[in-house]
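Colleague: Please walk me through the fold of this chain, one question at a time.

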Amino acid sequence: MGFENNKGIFIFIQQVDNKITNVSFELIGKGKELAADLGAEVTAVLLGYKVKSLADELAAYGADKVILVDDPALEIYTTEAYTHGMYSVIERYNPEIVLYGATAIGRDLAPRVSARVHTGLTADCTKLEVDPETKYLRMTRPAFGGNIMATILCPNFRPQMATVRPGVMQKLKKIEGAKANIKEFNPGFEKNHKYVEVLDVIKKPSSKIDIQEANILVSGGRGVGSKENFKLLEELADTIGGTISSSRASVDAGWQDKEVQVGQTGKTVRPHVYFAIGISGAIQHLAGMEESDVIIAINKDPYAPIFDVADYGVVGDLNQIVPILTEKIKAEMI
Ligand code: FAD
């Protein structure tokens, strides 16, 4: 369709305070897989101010090239400046595919860029693959409340663009000592590109570990019964070095913070061990945890769907089982 000039897979690299967000590495990993099917290269697009030193890390995780847009206007994320930066990179280099993390920044930036470039955008994808015949990017995401998975194509415009949920794709093993092949590009940032002035940045205090980084998650659902009763799960988590997470029902009930919600409208996690305690296993919950290495479910209903994905299942009352489990593990550790 006359898209011969559109080449390569570009990844928008999100950095905040000169620290690259994990999803950017995950997207480079996925990009390499797609690139192998297309015979293309993966280019990391790094926007920011005084961020050149981050480029080697991108090469270490697999980026073939890094396009660096370094300008004082990009020190703190603003929609207008970053849209201008990404738009200019796309206009100049004509990529075939551009991927963004479905983070707060990615969800803000990608639609603006897609409107300016005049192409489509599939938001919140959980799967990406190259169609073996047409070579189109097949972008898959949950639709209709997670009841179906929709696969979306963008045949008539380029680049094909998608935001991808953090935690779904896997980053490659880091190659220590890799050196980036950097191309510097600055489209110029005029005052017009700064409609918003950031006066102050106030960070939300967060004492909890990010559940997406945890190796062991102890997740509780409506069956836990109350905020107080989460103590049982906390004791188990403390004993095994785990972190508390939850279903949406526990968040809606006010027992847990939204930031520890697992699932379609929460976070996607992939820990070594996932305990699902008093969680039924609704499709929207499974979407966020079914890739965990080992799933252990405790539920009093033997027909709860969580048992369909569990590696180990205990049927019974969590109020009896969880304290026994904690005690047994403690005894083993002595
Ligand atoms: P329930 O479904 O009520 O299950 C409670 C379970 O606890 C039951 O299986 C019961 O047998 C068991 N139980 C009760 N008492 C005990 C006991 N004493 N001992 C042992 N077991 C016991 N949900 C999410 O989790 N994450 C999401 O991101 C998410 N996004 C959604 C997005 C949309 C658009 C929609 C429509 C829904 C979404 N949901 C999400 C909600 C989801 O559909 C379910 O309602 C929710 O996951 C149910 O949470 P639960 O398993 O904790 O509660």
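Predicted model: local features only at pLDDT ≥ 70, side-chain atom pairs only at ≥ 80, totals over all residues.

Colleague: In what order do the strands of the open sheet lie?
Modeller: The open sheet has 7 strands, and their pairing is parallel. From one strand to the next, the twist averages 25 degrees. The order is 7-11-6-1-4-5-12.

Colleague: In strand 11, which residue is the bridge partner of Thr 122?
Modeller: Strand 7 and strand 11 (residues 160-164) run parallel and are joined by 2 bridges. The bridge partner of Thr 122 in strand 11 is Ala 162.

Colleague: At about what angle does helix 1 run to strand 1?
Modeller: Helix 1 (residues 22-38) lies across strand 1 (9-13), strand 4 (42-48), strand 6 (97-101) and strand 11. Helix 3 (residues 79-93) also packs on the sheet, and its direction makes about 150 degrees with that of strand 4. For helix 1 and strand 1 the angle is about 180 degrees.

Colleague: How many Å does helix 4 reach from its first C-alpha to its last?
Modeller: Helix 4 (residues 104-117) has 14 residues. At 1.5 Å a residue, 20 Å is expected. The model comes close to that, with 21 Å.

Colleague: How wide is the arc that the buried residues of helix 4 cover around the axis?
Modeller: The buried residues of helix 4 are Ile 105, Gly 106, Leu 109, Ala 110, Val 113, Ser 114 and Val 117. They lie on the same side of helix 4, because the arc they cover is only 130 degrees.

Colleague: Which exposed residues does the face of helix 4 turned away from its buried side carry?
Modeller: The buried residues of helix 4 are covered by elements that include strand 1, strand 2 (15-16), helix 3, strand 6 and strand 11. The face turned away from the buried side carries the exposed residues Ala 104 and Ala 115.

Colleague: Asn 94 and Asp 124 each have a positive phi; is Asp 124 buried or exposed?
Modeller: Asn 94 is in the loop between helix 3 and strand 6, with phi near 50 degrees. Asn 94 is partly exposed, at a relative accessible area of 31%. Asp 124 is in strand 7, with phi near 65 degrees. Its relative accessible area is 15%, under the 20% cut-off, so Asp 124 is buried.

Colleague: Which residues does a cis peptide bond join?
Modeller: The bond has an omega of about 0 degrees. One of its residues, Pro 159, is in the loop between strand 10 (148-152) and strand 11. The pair is Arg 158 and Pro 159.

Note on methods
Residues numbered from 1 in each chain as written. Heavy atoms only, no water. Pairing = 2+ DSSP bridges. Helix = DSSP H or I, 4+ residues; strand = E, 2+ residues; numbered from the N terminus. Axes fitted to C-alpha atoms, helices over the stretch in contact; angles between N-to-C directions. Contact = heavy atoms within 4.5 Å. Expected span 1.5 Å × (residues − 1). Buried < 20%, exposed > 50% of the residue type's maximum accessible area, 1.4 Å probe, protein only. Arc of directions from axis to C-beta.
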